[in-house]
Amino acid sequence: MRVVKKALVIGGGVAGIQAALDIADGGYQVILVEKTPSIGGHMAQYAEVFPTLDCPQCILTPKMVDVGQHPNITLLTYAEVQKVSGEVGNFQVEILQKARKVDHTKCTGCGTCWQKCPEKIPSEYDAGVADRAAIYIPFAQAVPAKAVIDTEHCRYIKYLDFMESGAEGKKPPQCRICERLCPAGAIYWEQEDEIITEQVGAIVVATGFDLMPVERLPEYADDPDVIDGIQFERILCPGGPTAGVVHRPSDGKTPKEVVFVSCAGSRDPEHGVPHCSRVCCMYLAKQAMLFKHAVHDGQTHIFYIDTRTTGKGYEEFLQRTMAEGTVYLRGKVSRIYRDGDKIKVMGVDTLSGKQVEVSADLVVLGMAMLPSIGSQELADRLGITTNEQGFFTENHIKIDPLESTCPGIYLAGAAQGPKDIPDSVAQGSGAASKVLGLFARSEKTPEGLTVS
Amino acid sequence: MDLSYYPGCTLKTKALNFEDSAIAAMAVLGVNLVELPRWNCCGTVYSMADDDLAHHIAPVRNLVRVAEQGSDRVVTLCSFCYNTLKRADLLMRNSQEKRDTINSFMDDEIDYDGQVEVVHLLEVLRDDVGWEAIGRTVKAPLEGLKVVPYYGCTLTRPQGVAIDSVENPTVLQDLMKVLGATALDFPLATECCGSFEIVSDPDAVVERAYAILGMAQRKGADAIVLSCPLCAHNLGQKQAEVADKYSDFTGMPLVYFTQLLALAVGVSPEVCRFDLSFGGVEALLRERGLIPQRV
């Protein structure tokens, strides 16, 4: 049986994008499946990225556009892998293409619909610090820049569901504003979920991470001004909902005192996760620096256990953050609570041996990185294993870190373990080279793979 | 339902208001608290020293008394007693070597190997009686009373003996809501009151008391609800000093959860002994019409 020289990449973050581009550049067909309406992943949410402070719009979006335009890449966004069977060289894959209710052959991404849609829902891309419409693209540089309708929140879909259920009472409004205004006539209410069946020879799993929800740490208050790192990225982002002007969520005031808490959930086997999330030391240092650049009289404190800055140029970056006036307090935070207009952060400074209480306007938690939501189900479908925290297990942690426990299925990015952007990109390329090697060998026999 | 009850020293002296109200309220709820015969000191503070086994003999002996009584469960009111008894029980369950040493030291008693479960009265209310049953028994809801729950340290620490979530316990709030009171959010609910530092460093306790009492006042609480005689002592006895030192503090009534429970289920206010409570609880309840005006 011949190897199907076509690859499936699951996950459209920076690792999946890199893997897809490298395989496609090698001359093979790639299907890139992404569950949200756009590729880009978490990296697209960041304000500026360490250690060089370039913006993702400058360094990521060209790669996203390359994916969208590459002749060898079939991009399936708003889609999820549902079923996988077969083996290395010949997997049968069923992909669920969720109904977008928009004909993407007609949609031009002009923006009329999402500007006029009356429904407002917390934006996933903006991590809840801003709203989006029920018909939307996640962000301005989305690839594809074509709208989808969120069927859970669309008013007309709610109306249709209400009519179908035959329930009594007041009918929801019919709305259909997007349909009336769309200059391309792209709204397509009849569109249903669709199953796409594909045959591929290799699979790259690059499903990334999600942050541990703040609710997992009840001692860190349930308060609008206690936010996680991704939310602060959106607030700091020059292209974000506040146009880079720092506002705190509760009252829109510009915070003067910001406290950062690293290892919020990480390195805490008692009630968090035992692993180090690897990126928090660096991104909190970066956020402290960016905040001080934006608010010149701002005060920043960072609570830490250790500063772990092992990447190229990282320690130098940390030293710069410290030199620019961010105060580092070595110790854990025991409680965060609101006291009037202020947020109080109680902790310990283990270097002076004293308990400290820092008053803040805004608190940013460097929450632990966890495998992305749904990755356990995906592992079950793929027949590959995960570790205790749910990260996909590599075949050998040191000498075979790219291959999963199933031949022909490779791992890339934070889905395998917490990772920063350089490592995710490197692993994406690494997984791609594994796929390219497999395809080059080409022929499959009962004894294994042989060169054709 | 009969339950073995371990009182501890304070409940028979300074915290009579805690004990009397608890026994009366539990009787209304159908729970008969049967005082343990020949109980002795709980040990007061659990010794953390690895080789200080003699310290654990007092609490273990109490647990032996429970077993001798033919019971497999003992309930406490005082948080400190709960903590020392529960931790001594855990020690006896978890370390065979220490268990054998302690057992062999006590000649007259039967061996103890963890046959008794130590529970706090709040657990009995939540898990045995249940909020719904308590709600049905409430005759005089504490409407309009705004309280903040104060757990102190020993009810939820360390993790192995916690009666509720270590970081964010809710059992006192839940009880107060069932009784018809308003339970306000209280960020310092599990902060330390200064504990036995009252002996060696009373000034430190003034600072702790101000932090907790001041926060309760800023939150708009009418009273602090608590479950520990030592917390009551530190937060109560130091109020005059706190008010002298910090002019923004004007006083804060302290009340045991059992007193409010008793009042709400129809126990006579005289039994609740509000006269022994700190911070003017009696005047507060009278002003709110929750106990009758003095004639």
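Here is a short chat about a predicted model with chains A and B.

Student: Before we dig in, what is the mean pLDDT of chain B?
Tutor: Residues are numbered from 1 along each chain as its sequence is written, and chains are lettered from A and ligands numbered from 1 in the order in which they are written. In chain B, 99% of the residues reach 70 or more, and the mean is 94.

Student: How many residues does chain B bring to the contact with chain A?
Tutor: Contact here is a C-beta matter: two residues count if those atoms, placed from the backbone, lie within 7 Å. Chain A puts in four residues, and chain B also puts in four.

Student: Which strands stand at the edges of the open sheet in chain B?
Tutor: That sheet has four strands in the order S6-S5-S7-S8, with parallel pairing. Strands are DSSP runs of E with at least two residues, helices are runs of H or I with at least four, both numbered from the N terminus, and two strands pair if DSSP finds at least two bridges between them. Each edge strand has a single partner strand, so one side of each is left without a neighbour in the sheet: these are S6 (182-183) and S8 (254-256).

Student: Which residue in S8(B) stands opposite B:Ile224?
Tutor: S7 of chain B covers residues 223-226 and pairs with S8(B) in the parallel sense over three bridges. Opposite B:Ile224 stands B:Leu254.

Student: At what angle does H7(B) run to S5(B)?
Tutor: The helix lies across S5, S6 and S7 of chain B. Axes are lines fitted to C-alpha atoms, for helices over the stretch in contact, and angles run from 0 to 180 degrees between N-to-C directions. For H7(B) against S5(B), that gives about 160°.

Student: Over in chain A, which residue is the bridge partner of A:Ala79 in S5(A)?
Tutor: S4 (residues 79-87) and S5(A) pair in the antiparallel sense over eight bridges. They form a hairpin with two residues between them, and A:Gly89 in the turn has a positive phi of about 95°. The partner of A:Ala79 is A:Gln97.

Student: Where does A:Pro144 lie?
Tutor: The peptide bond from A:Val143 to A:Pro144 is cis, with omega near 0°. A:Pro144 lies in the loop between S8 (135-136) and S9 (148-149) of chain A.

Student: Which residues does A:Tyr125 touch, leaving out those up to four places away in sequence?
Tutor: A:Tyr125 sits in the loop between S6 (121-122) and S7 (131-132) of chain A. With 24 other C-beta atoms within 10 Å, A:Tyr125 is buried. The residues touched are A:Gln45, A:Pro138 and A:Phe139.

Conventions
Predicted model: local features only at pLDDT ≥ 70, side-chain atom pairs only at ≥ 80, totals over all residues. pLDDT = per-residue confidence, 0-100. Buried ≥ 20, exposed ≤ 12 C-beta atoms within 10 Å, placed from the backbone.
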